[in-house]
Amino acid sequence: MSQRPRVYTTEGVILRRRNIGEADTIFTVFSPTHGKFDAVAKGVRKARSHMRGHLEPLTRSNLLLAHGRTLDVFTQAETITGYRTLREDLDLCGAAIYCAELVVRFTADRQEHRELYGLLLDILDALDARSPLHTVRHFELQMLGLMGYEPQLDACAICSTRLPEADVLLSASAGGFVCAECRAVAGAGRVISVRAIKVLRYARSAGMEAFAALRLDEALAREVQSALAELIRYVLDREPNTGKYLDQVARLPRFVPRADRPDDVHSV
């Protein structure tokens with residue numbers, strides 16, 4: 001029986017890190033071929049480390065690793081994409097960290113998820129190109145589908161009756177929208193407006209670039225965000241840590257020069 005190679009290469013996105021000891025760091029990586037895994041970079045926090053800038057969270061890098069007894073060890077790293085633009089913007093960076101946390105929460109170690117990896121690259125590229133923050137809703141809904149949790153948006157999740165064009169109950173425990181006749185057995189939920197229903201359905205069917213081009217007013221964007229947050233919270237049985245942070249940031253007062261204020265126009 002042949003032994004596995006002592007070293008291996010992969011590309012991957014650095015999702016998070018945690019420091020150990022005086023100079024070492026454990027990084028969580030998401031790879032198209034190896035899935036999510038932890039590996040240690042020895043001495044990476046020393047000023048002279050050659051890998052230091054290539055293993056930052058939200059960096060896409062080519063990686064060379066050696067198999068270890070408990071954790072694999074980084075031996076080389078080279079940046080493919082540093083996503084500098086999103087790193088320099090508080091809102092964009094927060095959104096990207098949130099998406100990275102969702103990948104951590106929804107995946108098991110060492111399970112290959114090539115489609116999810118591609119989706120993660122899509123949202124990082126979009127945010128780095130300064131796409132509007134509502135683009136994250138596309139990532140959330142597509143991710144739920146890829147991981148086997150796609151909500152029922154066209155018919156009643158309980159009785160499968162086709163839904164009329166009207167406000168409808170979204171029940172996370174039922175698995176999607178619920179008709180008026182089934183509300184009594186659906187459990188807790190929130191009523192979703194027709195406008196938000198259209199946005200959610202479009203997020204399911206459209207590509208990320210097309211969805212990013214939608215113009216949503218603040219109330220509509222917030223409603224769609226809350227709907228998907230409820231679905232994700234139910235699946236995870238907890239609220240993502242970054243989600244709480246993003247809510248706090250969103251409530252901070254902002255100054256927008258009059259000439260730069262967007263029109264209150266949307267396309268749904």
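Guide: Asp-109 is exposed, at 54% relative accessibility. In this predicted model, its side chain meets that of Lys-36 in a salt bridge, 3.6 Å from N to O. Asp-109 lies in the loop between helix 2 (90-106) and helix 3 (114-128) and Lys-36 in strand 3, so the pair ties together parts that are 73 residues apart in sequence. Lys-36, at 8% relative accessibility, counts as buried.

Strand 3 (residues 35-41) also holds Asp-38. Asp-38 forms a salt bridge with Arg-18, with 3.7 Å between the closest N and O atoms. Since Arg-18 belongs to strand 1 (residues 7-20), this pair ties together parts that are 20 residues apart in sequence. Arg-18 is partly exposed, with a relative accessible area of 41%, and Asp-38 is partly exposed at 25%.

Another pair is Glu-230 and Arg-190, whose closest N and O atoms are 2.8 Å apart. Glu-230 is in helix 8 and Arg-190 in strand 8, so the bridge ties together parts that are 40 residues apart in sequence. Glu-230 counts as buried at 15% relative accessibility, whereas Arg-190 is partly exposed at 31%.

Helix 8 (218-236) and strand 8 (190-192) are among the elements against which the buried residues of helix 6 pack. Those buried residues are Ala-196, Ile-197, Val-199, Leu-200 and Ala-203. They cover an arc of only 165° around the axis, which puts them on the same side of helix 6.

Beyond these pairs, Asp-154, Arg-201 and Arg-204 are linked in a network of salt bridges. The count of salt bridges comes to 15.

Terms used. Residues numbered from 1 in each chain as written. Predicted model: local features only at pLDDT ≥ 70, side-chain atom pairs only at ≥ 80, totals over all residues. Heavy atoms only, no water. Buried < 20%, exposed > 50% of the residue type's maximum accessible area, 1.4 Å probe, protein only. Helix = DSSP H or I, 4+ residues; strand = E, 2+ residues; numbered from the N terminus. Arc of directions from axis to C-beta. Contact = heavy atoms within 4.5 Å. Salt bridge = Lys/Arg side-chain N within 4 Å of Asp/Glu carboxyl O.
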